[in-house]
Each structure stands twice: as structure tokens, then as C-alpha cells.
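Let's take a friendly walk through this structure together.

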Amino acid sequence: MRYSAQRYGTWEWLDLEVPFDTDGPEWALSTYGIMYATVAPDMGLQKAADGRPVLEEWGTLIHAETGEGALSRRWTGIVVRSELQGKNWEVTIREFPGYLDGTPIETTIWGVKADPAALYRKIWTDVQKMPNANLNVTVNGSTPLRIGTDSDDKAAAAKKLMDADKKVVDAKNKVKKKATDEQQALSKSQGKETDAQRKAITAAQNEVNRLTKAGASKQAIADARSLVTYRQNVLKDIQARHKPLMDAKKAANEAATKAKETADKAYEKTREAYEKARDKANEDGGAYKFLSEDTPDALDSIDTLCKDTEMEWTTQTKYSNGAPNLHINLSYPAAGTRRDDLVFEQGVNIISELRLVRDGEEYANASLGIGAGEGDKSIRASIASKSKRMRRVTVFDDRKLKKETQLLASMRKDLRKRTGDLYVPEIEVVTHELAPLFSWNVGDHITISGNVPHYGYYSKLHRIISWQMVGDTRAILRLELSTTN
């Protein structure tokens, strides 16, 4: 294995044979591999022609290569740590998808009846559009799945109508208030004028009464009564003059009240429609989305997307002289194939002892799941395996899961750990004509065979979940029990 260093951005070659002391790169299923290496301190401190460190954190790519030609480049990573530790200079290199780990999504990803592969691709596209973020990664593949509904869009449209009707209601309320205020102001003004006139009438009548009681002359009493009549006529004139004005204000107020009631009814109708659309969106999840305002981590978002859809991905790096030629290959429902053409047998190419383990979870062949929500409104699901053993049910409870798809995916993963079957978690192999290095891929299903102390002959199908080079002829394969028949 040969390691070459390349400057990010300018794609200048810094060192075509970096003298790393390392176990080699790692390939993993639906995540990124990591390579740990050491070099002499003088190499760690070495500067390139551009004046920057050769092994610069987040500024240097490392390519792992074997042989020559188009298939020689096997792995590409990014230097993320480069520092002196004791007498050695230690370097940590993330495989290129690790760039997304800790990188926020700064755009909104929105999917309605979308292929999850397209959403995965858009995450990479949007991240790489940012300055100094383009790794020249191409995402390949598609799925028959379609995720996300238009209920968010419908709820947004319903809210727009509701908000428009609310503006009308607010405007009508202002008109109604103005009409009411004007009617009340006119009534108050007219009241003052008529009250003053009534007081004058009362005063004139009191004068008549006083004169009558005092035995005043008929003329004096008649004159006083004439004043009463005059005051009464003035009041009638005032009332006659005020009536059309008050009628107009009253009519305006009644019209404003009626218009407000009509607007209220329209608003109530659109409000109910919005609440129904909103509840529908909450129920089915609406669009499949990652919102920019939440600044979601890009790799976490991809993990969530893959868990929800059971989509898997693997990496591929191709030879190039300039910018790297990096690929992510999507697979649905699973990456890898059954490899009956390869042999993994102790004494042939497996050089490690076969160690049998089983997951520590209690056996179960059925699961009842509970997600977000309370009581009978919580998200619930049930699944069962094809096992013919007695039914044993586990309750899977994760209130953070807000979608049934998320709940089901987590339940299936949990149930796979509850088979109680023995398996081999890891093997070390040496390259062999029956299974040369690089003849397998992560996700492949391979049969592990050999004699196990105190157990006897063991042979069972396993799945490769990651593997790592150990020198030029050996590799370590990390495994899980295969669910493929």
C-alpha cells in the first residue's frame, strides 16, 4: 500500500510516498472509515512549497494506492488531526465522507414524493456549493421509494388563506371600531346638547311653579309658560336635527358589524381548514425535510435518512491526476451480494482463532414499538421475525422517534440483535487465490467456516460491516450475522 499526499483546492501533489507507519485504511458500511498513522516528527513538521504543512489538518488529502493503473487508488481521506505525541507525530485521517461529520446543512432540504437517493445527493450537492467545500464527490444510485407528502405544502397554502382572511378580519375590526367610536362620540355630543336643553326646560318649568305658588300675575305666569314652550320647541328642533346624523352613524355601525361578522365567518372557515391541514401534516410528517434554521449536521441527516428508508451506501475512489474522483454508491434495500464464490475458512485464509459471541440482548422474535406521543396518540408499530420458536415479544420504546418509518427501522435493527445465535464478530485473513484482497466489498455476505474449540465445526453466513488493511497481505474483517438465507 502506497500513500500520497495532495493539497486540497489546488490539487498539488505534496508527497507521492508518505512514510506512514499504519495498519492501513478502513472501509465501512454506511459510514466513513478512519486510518491512524504515525511518522517521524521531522516529517510531521515538513512544509510544502506553498509554505503550509504537508500533513495539514483539513488541508491535505491522503490517497491509499496499490499497484498501477485505473484501479490502483483504493481509498481517499482527509487529514483531521496532525500533532506531536511523545516521540511520534500522529495523524488521524477520515475517509472523505467524514467531511460531513460536524458540517451543518445551510440550505433547506425538502422532499415531496421524493426518491431518498435524490435527497441524499442534494445534501452533498448543497454542502459542496459552499466555499472551500468541494471534494468532487458524486453520489450514484436511485431507489423505487418515494418519501414525503404534500401535506406541509397544503398546510402552508391553507395558512396563507387563513392569514389573508385574518387581515380582512383585522381591517373590518378597525372599521367597526371606528364606526362604533363615531356613533358613541356623536351620541355623547348630542346628549350634552339635549341634556342642556332639558335642564333649561326644567328650570323654566320650575319658574312657572314658583310664580304660580307665589300668586304672581297671570301675565308673568303666561310669560314663564311661553319660555317653557320655547325651550321644548328648541329641544324638538335639536332632536330633529340630530336624528338623521345619528341614523347615518347607526347605519354605518350596523353595516360595519355585519361586514365584520361575514369576515369572522370566512376566517373561522379558513382557520378550521388550516388546523385540519396542519394536523394532517403532523400526522403523516409532511415533506421529508431538513430545515436550514435548525443547522442539522449533514452526516447525522444522512444517517437519519438511511435509517428511515433502509438505504445503504458504500464509498469508491477512482484514480485521477488532478481533483479527486470520489464516489458514494447508494444501494436499496442493501449493499453487497452473497459471495459464494469466495472462501473464508480457518486453515485456508483465516489466520485468527474463531471466537463465537452473541449479542447480549434477550431473545425475542417479535417486537412492539412505541414512539413519540402520549397514550393512544403515540406512534406505535409491531413486527415479527420468521422464527418458528415460541413467540417472545420485546417492547421497544423510543419517544424521540417521530415517524413510523423511523420506529420500524429501529425496531428491525433491535430485533436482529435478539436472535440469540452465535456468530463470529471479527476475523483476520491473509490474501489467497480463493479470496484475494479487494475481492470483497462491505455489505457482502460471506460464509465463515472452521473449527471452534469446545464447540466443533462451525459454518454460517456473515455480513461484512467494515474491513481494514493490515500490511500488504492481510486484512481484518468485522462482521455481523447475516439475515440472508
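Is W467 buried or exposed? With a relative accessibility of 3%, W467 counts as buried. Keep in mind as we go that this is a predicted model.

Now look for the partner of this residue. W27 is buried too, because its relative accessible area is 8%. A search of the whole structure turns up 11 aromatic pairs. In one of them, the ring centres of W27 and W467 are 4.2 Å apart and the planes meet at 10°, so this pair is stacked. W27 belongs to strand β4 (residues 26-28) and W467 to strand β20 (residues 456-470), so their pairing ties together parts that are 440 residues apart in sequence.

For F344 and W440, the ring centres are 5.6 Å apart and the planes are at 65°, so the pair is edge-to-face. F344 sits in strand β14 (residues 344-345), while W440 sits in the loop between β18 (426-430) and β19 (445-452), so this pair ties together parts that are 96 residues apart in sequence. Both F344 and W440 are buried.

R74 lies over the face of F438, at 3.9 Å from the ring centre. Elsewhere, K289 lies over the face of W110, and there the distance to the ring centre is 5.8 Å.

Which residues touch the most other members of the largest nonpolar core? They are F20, F344, I427, W440 and L477, in a core of 46 residues. Leaving out residues up to four places away in sequence, F344 touches a list of residues that includes I427, V429, W440, I446, I448 and L477. Another core lies apart from the largest one and has 35 residues, among them L100, A117, A133 and I147.

Next, find G450, which is placed in strand β19. G450 has a relative accessible area of 4%, so it is buried. Setting aside neighbours within four places in sequence, G450 is in contact with Q346, L354, G456, Y457 and Y458. From G450 to K460 there are 10 residues in sequence, and the C-alpha atoms of the two are 9.7 Å apart in space.

Turn now to a sheet. Seven strands form an open sheet, in the order β2-β1-β6-β7-β8-β5-β3, with antiparallel pairing. β2 (13-15) and β3 (21-22) stand at the edges with a single partner strand each, so one side of each has no neighbour in the sheet. T22 has A37, in β5, as its bridge partner.

Our last stop is helix α5 (residues 298-309). Its 12 residues should span 16 Å at 1.5 Å a residue, and the end C-alpha atoms are 17 Å apart, which agrees. Several residues of α5 are buried, including A298, L299, I302, L305 and C306. What covers the buried residues of α5? The cover includes α2 (116-128), β11 (288-290), β12 (312-318) and α6 (404-416).

Note on methods:
Residues numbered from 1 in each chain as written. Predicted model: local features only at pLDDT ≥ 70, side-chain atom pairs only at ≥ 80, totals over all residues. Heavy atoms only, no water. Phe/Tyr/Trp six-rings, centres within 6.5 Å; stacked < 30°, edge-to-face > 60°. Helix = DSSP H or I, 4+ residues; strand = E, 2+ residues; numbered from the N terminus. Buried < 20%, exposed > 50% of the residue type's maximum accessible area, 1.4 Å probe, protein only. Lys NZ or Arg CZ within 6 Å of the ring centre and 35° of its normal. Core = buried A, V, L, I, M, F, W, Y, C linked by side-chain atoms within 4.5 Å. Contact = heavy atoms within 4.5 Å. Pairing = 2+ DSSP bridges. Expected span 1.5 Å × (residues − 1).
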